[in-house]
Each structure stands twice: as structure tokens, then as C-alpha cells.
Amino acid sequence: MSAPPADGTPIRTAVVGLGWAARSIWLPRLRRNPAFTVIAAVDPDERGRAAVAETEGADRLPVLAAVHDLDPAEVDLAVVAVPNHLHCDVATELLAKGIPVFLEKPVCLTSEEAERLAAAERSGGAVLLAGSAARYRADVRGLYRIAARLGRIRHVELAWVRARGVPDRGGWFTQRSLAGGGALVDLGWHLFDIAVPLLGTAAFRHAIGTVSSDFITQRSSRAAWRGDDGPVLSGGTDVEDTARGFLVTDDGRSVVLHASWASHEALDTTRVTIDGSAGSATLHCTFGFSPNRLEKSTLTRTVDGTTRPVAVPTEPIGTEYDRQLDMVPAQLRDPAGRGRVIEEVRRTIGAIERVYTSARIPQEVRESVSAPV
């Protein structure tokens, strides 16, 4: 297994998957961060390789066609940003070879895939890390600090509702066989991720939900800011643009979830509300890179009928990704890190599966979808 450097030597990093996320988020940030040096880029698609080779310079950055071409002795970390249906296959191959993996969300699409990742992490001895940038936002960190003063947390509401933002319509994002689902898998994974520090290790005893697709075929609902405003791709759509869920933990706390790629709203809005035994707090902001944004984040705390604003700093869009990268070197060296991500992933994908199951079965049998995860 390739051991991560402990002497300040840059972490030798391969970027696997050269789509929008890699080119717009990870490659630029890895290039700017002195803790990392990008030593290879990998994509089976010739167009993706050509685009990166043109930008980076083929003589400066080797661009490979397959992960089996990566040598564990020369790679300290693989940042994996392939399409959803390839996350598990690519990450398990790398982990089994002993290469640590930073895997973009969704980490997996099924509970069975979660167990495959767990087995690969154990067998290869390398750690699995997961993209969870929203936790590293300054406003979310401010919300967590307030949550620590709200007493026993009773209820959490999480919503990410885009005005317009259906990604890649007709491409892999909107095909269930390739994406695993729609807005719930895409945006909802971030919302579950926000909830983890609030709920700890509590499992979801009950999960129920609904899905709908009122906006997904409307051209005006597409994510033009991603460069998706060209011709509609030919793959069709069979996923939801909106998902709503209600979940209850095994210790009696409730969670409401609302994820929408498109809506009737004018701006993309993320809202997180926490109700505790000693007060409540609400954050309004906009996650992600869409230009349809709230002007600024607002955070409030309410106690005994009085609501007061809490100051949060303004930071450039995407700062949370830089902040998460800054934490990666320590996470790679943490001997207790292996298995930590998988425990969170099991709960998240288990809950997502059950919300989807609830949305697809008749109302009269929904109450049977209640086994703990």
C-alpha cells in the first residue's frame, strides 16, 4: 500500500473521471493546493482525456485510459469523480490495490455496493474518504456551533430547492440505471451529509417519501450554468426532479427532507432548521455553484419567542471544497479513519433506498417499510 507522506511532501494524486466536477472543481483546486501534486488523470472516454490534455498539457500531466494503469507505489490518493454507476467499481478496484480513495458523492447507489466498498477497504488496507463539502461551509459550521447550545435536538428540516438546475438531461444524470436516482441521490445526499453531525450514529427506524417529475422535461429547467444548455441528449429521463421524505431515528428524532432540481422559485435556496429542547436555529443560503443564488447567507437563533440574527462570514463560492481538501492530509494519516465513511454511507444509502421504496409502493403498505438501518 502506498503510504501518504508525513514529512510535508505533496500527496501524489490521480484524478479519475474527467467530467464537469473534475475539470471545474477538483483539478483547479488540487493544482492550487501545495499539499497535493497531480501526477495523472484517468478517463476511459477519449473526449475527456483530450479536453484535459489540451488544458493541462499532455507532456505535463499523463492522461491514462484505465485505473489499472495506476501504480500503487506511485499514487498516494485517487480523487474519483466518475459517473454515479461507476463509483463503486472504480473505487473498489483502487482500494483493493491499496490506493486511498476520495470518492465524490453519492458514494454508492445501493446497500450492496456499500458492502463491496467496505470489503475492498479492508482487503487493501487503504482508507476511503468521501466528498462532504457542505459540512465545510462557514455558514454550516456556524449552524453546528449554535446546535450545540439548543439542548436535545428533536427535529431537523433540510431542503435544497433549485429554481432551475436539472443536470445533463438525457445524459447519465437523468437515467436511473446510470445515476441511481434523481434529485434525492444528487442533492439529497448532501442534505443527509449535513444531518450526520446533528444526529450522530442514530439509525433511521422509519422512512417514507414521495417523488415527482413536473419540471424535468422543461428546457427552461436545465442547468445552463453547468454548460448543459446545448441539444438535449438522447438517453431520455426516468428519474425524479423532486423528492420529499420524512424519517424518524431509533431514538425518536424526526427529519424532513426536500430535494429539488427545479421548482417554481426564483432563486436556488438551501434551508436547514434545527429544533431543540432549548431553542431553534435556521440557516438560509445557497449550496453549490448555481448563479441563481440568495444574495447572502442568513443564520438565526430563536429562544423563548425571540429571534436574533447570528453573524456568518461571506466567502467565495466553492470555498468549502478548498477547506475540505485542506483536511485530507490529516484524514489520510488517521489510523482510525478506515471504516468511518462506510458507517455513514450505510445509513445514508439505506435511508435513500427506503424513501424510494416508499414512493413506489401503494399507500396501504408503506407502514411496513420501517426496519432500522
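The lining of the largest cavity divides into 6 nonpolar, 2 polar and 2 charged residues; here Ala, Val, Leu, Ile, Met, Phe, Trp, Tyr, Cys and Pro count as nonpolar, Asp, Glu, Lys and Arg as charged, and the others, Gly among them, as polar. This is a predicted model, where local features need pLDDT of at least 70, side-chain atom pairs count only at pLDDT 80 or more, and totals for chains, interfaces and linings use all residues. Residues are numbered from 1 along each chain as its sequence is written, and side-chain values use heavy atoms, with hydrogens and water left out.

A cavity is a set of points, on a 1 Å grid over the protein atoms alone, where a 1.4 Å probe fits but cannot get out; a pocket is an open set with protein on both sides within 12 Å along at least five of seven lines, and lining residues have an atom within 4 Å of a point. Points are joined across faces, edges and corners, and a volume is the space filled by probe spheres set on them. The count comes to 1 cavity of 30 Å³ or more.

Phe192, Phe204, Glu344 and Arg347 are among the residues lining the largest cavity. Helix H7 (183-199) and helix H9 (340-360) each give two or more residues to this lining; helices (H or I, at least four residues) and strands (E, at least two) are DSSP runs, numbered from the N terminus.

| Space | Volume | Largest share of lining |
|---|---|---|
| Largest cavity | about 80 Å³ | H7, 4 residues |
| Second largest pocket | about 400 Å³ | H9, 5 residues |

Of the 19 residues lining the second largest pocket, Ser132, Arg135, Gln331, Val341 and Glu344 lie nearest its centre.
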